[in-house]
Amino acid sequence: VQLQASGGGLVQAGGSLRLSCAASGRTFSMGWFRRTPGKEREFVASITPKGVATFYAYYADSVKGRFTISRDRDNAKDTVYLQMSSLQPEDTATYYCAAAARYSNDRPTTSSRFDYWGQGTQVTVSS
């Protein structure tokens, strides 16, 4: 499975951006992580199927209420979105899309839970 991420860019503090990530094959959970130089990769948000057409979302405390993850999945495509609002300079990072191949009892909030990774997309928030 290949993941193609897009949507990063430069935005002023308080602004919004939407990231997209398209999967080339079937996956289970999908999510976003971010990394800044000198820091560990950090969980941002993930989304997991909870039925035929329902999903459950998980968020890091630092983005809860500002970021929204969503997913568009059918027989033809599987794309996850991250709508980022009220962006702050501390949100500046390289954002990575991730996908898990199969179901797990573990919450999809750690990088070890994910099998596939997309290329990073840079998000820069100016003050």
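Tutor: Start with S86. At 37% relative accessibility, S86 counts as partly exposed. Before we go on, some ground rules. This is a predicted model, where local features need pLDDT of at least 70, side-chain atom pairs count only at pLDDT 80 or more, and totals for chains, interfaces and linings use all residues. Residues are numbered from 1 along each chain as its sequence is written, and side-chain values use heavy atoms, leaving out hydrogens and water.

Student: Why does S86 count as partly exposed?

Tutor: Buried means under 20% relative accessible area, exposed means over 50%, and partly exposed is in between (1.4 Å probe, protein chains only). S86 has 37%, so it is partly exposed. S86 sits in the loop between β8 and β9. Its phi is near 50 degrees, a positive value in a residue other than glycine.

Student: What makes C21 and C97 a disulfide?

Tutor: The rule asks for a pair of cysteine sulfur atoms within 2.5 Å. The sulfur atoms of C21 and C97 are 2.0 Å apart, and the two form a disulfide. A search of the whole structure finds 1 disulfide.

Student: Why is the disulfide of C21 and C97 called left-handed?

Tutor: The torsion about its S-S bond is about -80 degrees, so the disulfide of C21 and C97 is left-handed. The pair links distant parts of the chain: C21 is in strand β3 and C97 in strand β9, 76 residues apart. Both C21 and C97 are buried.

Student: What counts as a strand, and how many does the chain have?

Tutor: Helices (H or I, at least four residues) and strands (E, at least two) are DSSP runs, numbered from the N terminus. The chain has 0 helices and 11 strands.

Student: Why is the chain called as compact as a globular protein of its length?

Tutor: The radius of gyration is taken over C-alpha atoms, and the globule rule is 2.2 Å times the number of residues to the power 0.38. For 127 residues the rule gives 14 Å, and the chain has a radius of gyration of 14 Å, so it is as compact as a globular protein of that length.

Student: How do you know how F33 and F43 are arranged?

Tutor: Their centres are 5.6 Å apart, with 70 degrees between the planes, and the pair is edge-to-face. F33 lies in strand β4 and F43 in strand β5. Both F33 and F43 are buried. Ring pairs link F33, F43, F114 and W117 into a cluster.

Student: What makes a nonpolar core, and which residues have the most contacts inside the largest one?

Tutor: A nonpolar core is a set of buried Ala, Val, Leu, Ile, Met, Phe, Trp, Tyr and Cys residues joined through side-chain atoms within 4.5 Å. The largest has 32 residues, and M30, W32, L82, M84 and Y95 have the most contacts inside it. Strand β9 gives the most to this core, with 5 residues.

Conventions: Phe/Tyr/Trp six-rings, centres within 6.5 Å; stacked < 30°, edge-to-face > 60°.
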